[in-house]
Every structure is written in structure tokens, then in C-alpha cells.
Amino acid sequence: MKKQELKELLKNIKDKDYTLSYGINQNDLALMMMDNIGDIDSELRDDLILSNLCNWIIEGVMSTSEISELLKTALDEKHLLKG
């Protein structure tokens with residue numbers, strides 16, 4: 001998914017009180033969000049990715065195993081430990 005498509009999707013989710021539309025796999029989307037969490041676009045990074053992830057975690061929408069998977073992703077060589 002291209003960056004602009006991701007932004008539009010995340011805006012739509014945020015506007016619907018962080019509810020996913022039918023047919024969207026939350027875990028796959030969360031992992032895609034992690035691939036863009038370091039983007040220089042502050043709207044995408046802060047207003048959309050972080051707000052969606054935080055809401056899903058705080059509201060208990062994501063399971064413990066999904067959250068654990070996100071943490072592993074954040075700490076891998078492609079994210080926090082890159083460079």
C-alpha cells in the first residue's frame with residue numbers, strides 16, 4: 001500500500017472512532033503501520049499511526065500476542081536498531 005493510501009485509510013479509521021472497516025485485518029494493518037512509523041511525515045507518524053496504535057492497545061482491541069509481535073517488530077534490525 002502506498003503512503004497516501006495508508007494515510008487515507010488511517011484517517012478514515014480515526015474518523016470512525018478507531019473502528020476498522022469490514023475486510024481489513026487489524027494485525028496486518030498494524031504491521032504495515034510499523035513499517036511507516038519512522039516516516040518524516042508527522043501527520044502520518046504522530047496523528048495517524050501512533051494515535052491508532054495507542055487507541056487499539058489502550059482499549060484492548062489488540063491481543064497480548066499482537067502487541068508482543070509489534071514490540072518484536074519495533075526492536076528488529078529494520079526499525080529501532082536500523083543503522
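**Exercise 1: a leucine and its neighbours**

Leaving out residues up to four places away in sequence, L53 touches A30, M33, M34, I37 and L70. Keep in mind that this is a predicted model.

Task: Find L53 and work out which helix it is in, and whether it counts as buried or exposed.

Solution: 
- Step 1. Locate the residue: L53 sits in helix α3.
- Step 2. Check its accessibility. The relative value for L53 is 6%, and the cut-off for buried is under 20%, so L53 counts as buried.
- Step 3. Pick one partner, A30, from the contact list. L53 and A30 are 23 residues apart in sequence, yet their C-alpha atoms are 7.2 Å apart in space.

**Exercise 2: α2 against α3**

Task: Describe how helix α2 and helix α3 cross, and say which residues meet there.

Solution: 
- Step 1. Mark the helices: α2 covers residues 26-35 and α3 covers residues 42-58.
- Step 2. Look at the axes. They come within 10 Å and cross at roughly 140 degrees.
- Step 3. Name the arrangement. Roughly antiparallel needs an angle over 145 degrees, so α2 and α3 end up as oblique to each other.
- Step 4. List the contacts. From α2 come Q26, L29, A30, M33 and M34, and they meet L48, I49, N52, L53 and W56 of α3.
- Step 5. Sort the residues of this α2 and α3 contact by class: 8 are nonpolar, 2 are polar and none is charged.

**Exercise 3: α1 against α3**

Solution: 
- Step 1. Helix α1 spans residues 3-15, and its axis is 10 Å from that of α3, at an angle of about 45 degrees.
- Step 2. That angle makes α1 and α3 oblique to each other.
- Step 3. The crossing of α1 past α3 is left-handed.
- Step 4. On the α1 side you'll find K3, L6, K7, L10, K11, I13 and K14; on the α3 side, E43, L44, D47, L48, I49, S51, N52 and W56.
- Step 5. The tally for the contact of α1 with α3 is 7 nonpolar, 2 polar and 6 charged residues.

**Exercise 4: α2 against α4**

Task: Are α2 and α4 roughly parallel or roughly antiparallel?

Solution: 
- Step 1. Helix α4 runs over residues 64-74, and its axis comes within 10 Å of that of α2, crossing at roughly 20 degrees.
- Step 2. Angles under 35 degrees count as roughly parallel, so α2 is roughly parallel to α4.
- Step 3. The crossing of α2 and α4 is right-handed.
- Step 4. Q26, N27, A30, L31 and M34 of α2 meet E66, E69, L70, T73 and A74 of α4.
- Step 5. By class, the contact of α2 with α4 holds 5 nonpolar, 3 polar and 2 charged residues.

**Exercise 5: two side chains and backbone oxygens**

Task: Which backbone oxygen lies 3.0 Å from a polar side-chain atom of N36, and which lies 2.4 Å from one of S51?

Solution: 
- Step 1. N36 is in the loop between α2 and α3. Its relative accessible area is 18%, so N36 is buried.
- Step 2. For N36, the backbone oxygen belongs to M32.
- Step 3. Beyond its neighbours within four places in sequence, N36 is in contact with L6, L44 and I49.
- Step 4. S51 lies in helix α3. With a relative accessible area of 16%, S51 is buried.
- Step 5. For S51, the backbone oxygen is that of D47.
- Step 6. Not counting residues up to four places away in sequence, S51 touches K14, Y18 and D46.

Note on methods: Residues are numbered from 1 along each chain as its sequence is written. This is a predicted model: local features need pLDDT of at least 70, side-chain atom pairs count only at pLDDT 80 or more; totals for chains, interfaces and linings use all residues. Side-chain values use heavy atoms; hydrogens and water are left out. Axes are lines fitted to C-alpha atoms, for helices over the stretch in contact, and angles run from 0 to 180 degrees between N-to-C directions. Helices (H or I, at least four residues) and strands (E, at least two) are DSSP runs, numbered from the N terminus. Angles under 35 degrees count as roughly parallel, over 145 as roughly antiparallel, 65 to 115 as roughly perpendicular and the rest as oblique. Contact means heavy atoms within 4.5 Å. Ala, Val, Leu, Ile, Met, Phe, Trp, Tyr, Cys and Pro count as nonpolar, Asp, Glu, Lys and Arg as charged, and the others, Gly among them, as polar. A crossing is left-handed if the near helix is turned anticlockwise from the far one by less than a right angle, and right-handed if clockwise. Buried means under 20% relative accessible area, exposed over 50%, partly exposed in between (1.4 Å probe, protein chains only). A polar contact is a pair of N or O atoms within 3.5 Å; within protein, one must be able to donate a hydrogen and the other to accept it, and residues adjacent in sequence count only if both atoms are side-chain atoms.
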